[in-house]
Amino acid sequence: MADEALNKHLKDIQEAAAHLKGVAAETPLMHSTYFSEISGNDIFIKPENLQNTGSFKLRGAYNRISQLSDEERARGIVTASAGNHAQGVAYAAQHYHCPCTIIMPEVTPLIKIKSAQEKGANVVIHGENYDQAYRRALEVAMETGGLFIHAYDDYGVICGQGTIALEMLHENPDLDEIIVPIGGGGLISGVAMAAKALKPDIRIIGVEPEGAASMKLSQERGKVTPLDHISTCAEGVAVCEVGKHTFEFVRDYVDEIITVNETEIMEAVLLLLEKHKLVAEASGALPLAALNHLKDRDKKIGCVISGGNIDMVTISSMIRSGLVTSGRIFAFSVELPDAPGQLLLIAKIIADQRANIIGLDHNQFKAKDRFNRVVLEVTVETNGHEHVKQIIKALEDYGFTINRQY
């Protein structure tokens, strides 16, 4: 029976691929030398951040809307989204000339709001998170008679997302594992169904932020269990309650769920940008953040980078945070005698350690004794945590007391 169910899912996903032909880009499967070296596995990146609309969500939204009748489309479409599903729905609605209303939570980045509006969608901002926006979207659908399309707990949407696995295994049939971000569960459900149907022994691994691990909690408790609150920089997967259908698909076809912390997520965003020149939003980089948690070695692993719709203010902040947490930027303060040569000595010690000063503030008024002392605040570009330790030791060897700021 299980094989029959998978075969049916595979057929539906293959039909979705036919609907998406010429609409969704077949993003390439890229080998990563860097992530392979640090993980001890052979890592391949599926960059859905390069997808039309900037994320995988186009696949599911377009497939679902392509299945509607003209009468259903004329009623209008209503959905809730933290951003990427909104753009997929808006794109498809524009293509089929049907009106759509999208309810977005307040945490949605401006770039995602504007992108949906530019495609003709009526965007309404409501609620602190996706779940509150979702409840409002259901009310709007009832009030207007529009057809509600769920962002992840919809079979047509799920089948559209599953086309990613078809492409990955067509390009590299030898993949041993596929790692996928989990928000509500639509992406990993589609990928798992397609991959398991084509290659039953492949392992499917999901990744959630520690502060939004709703699928992991639900699987552990054996039923859909909402989180009391969520806290993560990865707003694209900030879902309090996973889908009823996606819960079952994950239970049946997903082998493992890993959780990662905020530091790991931000470092993954930074490394992907630095090593591959690919811009990913925080939720999109989850699979790379999970690589250090893998027990397997020498496996061929595909990582789905789910999206890249991130605004410049956010990415600037994340890059800075990533640099700090990886030991690439180090800031400290030190109290010095207010005498000639002290600033030069500090600069020489840092230069001798082959570090680069990128910020300096020499302030007499911050010292406890303002008459003969001065506080020097220094920001240094470094090469990692060991390099930072070397700089601190060199300064302390000269008798300076260092107050590390970050």
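Two strands count as paired if DSSP finds at least two bridges between them. Keep that in mind as you look through these close-ups of a predicted model.

**Figure 1. Strands S11 and S13 pair side by side in the antiparallel sense.** Strand S11 covers residues 329-337, and its partner S13 covers residues 373-381. How many bridges join S11 and S13? There are 9 bridges. To pick out one of them, find Val-334 and look for its bridge partner in S13, Leu-376. Strands of a sheet pair through backbone hydrogen bonds, either parallel or antiparallel.

**Figure 2. The pair belongs to an open sheet of 4 strands.** Reading across, the order is S12-S13-S11-S14, and the pairing is antiparallel. Which strands form the edges? They are S12 (356-363) and S14 (403-404), each of which pairs on one side only.

**Figure 3. Two helices lie across strands of the sheet.** Helix H15, made of residues 342-352, lies across S11, S12 and S13. Helix H16, made of residues 385-397, lies across S11, S13 and S14. Now compare their directions: H15 runs at about 150 degrees to S11, while H16 runs at about 5 degrees to S11.

**Figure 4. A search of the whole structure finds 1 cavity of 30 Å³ or more.** Rolling a probe the size of a water molecule over the atoms shows where empty space is left. The volume of the largest cavity is about 50 Å³. Which residues line the largest cavity? Among them are Pro-109, Cys-233, Glu-235, Asn-309, Ile-310 and Asp-311. The lining divides into 4 nonpolar, 2 polar and 3 charged residues.

Terms used. Residues are numbered from 1 along each chain as its sequence is written. This is a predicted model: local features need pLDDT of at least 70, side-chain atom pairs count only at pLDDT 80 or more; totals for chains, interfaces and linings use all residues. Side-chain values use heavy atoms; hydrogens and water are left out. On a 1 Å grid over the protein atoms alone, a cavity is a set of points where a 1.4 Å probe fits but cannot get out, and a pocket is an open set with protein on both sides within 12 Å along at least five of seven lines; lining residues have an atom within 4 Å of a point. Grid points are joined across faces, edges and corners, and a volume is the space filled by probe spheres set on the points. Ala, Val, Leu, Ile, Met, Phe, Trp, Tyr, Cys and Pro count as nonpolar, Asp, Glu, Lys and Arg as charged, and the others, Gly among them, as polar. Contact means heavy atoms within 4.5 Å. Axes are lines fitted to C-alpha atoms, for helices over the stretch in contact, and angles run from 0 to 180 degrees between N-to-C directions.
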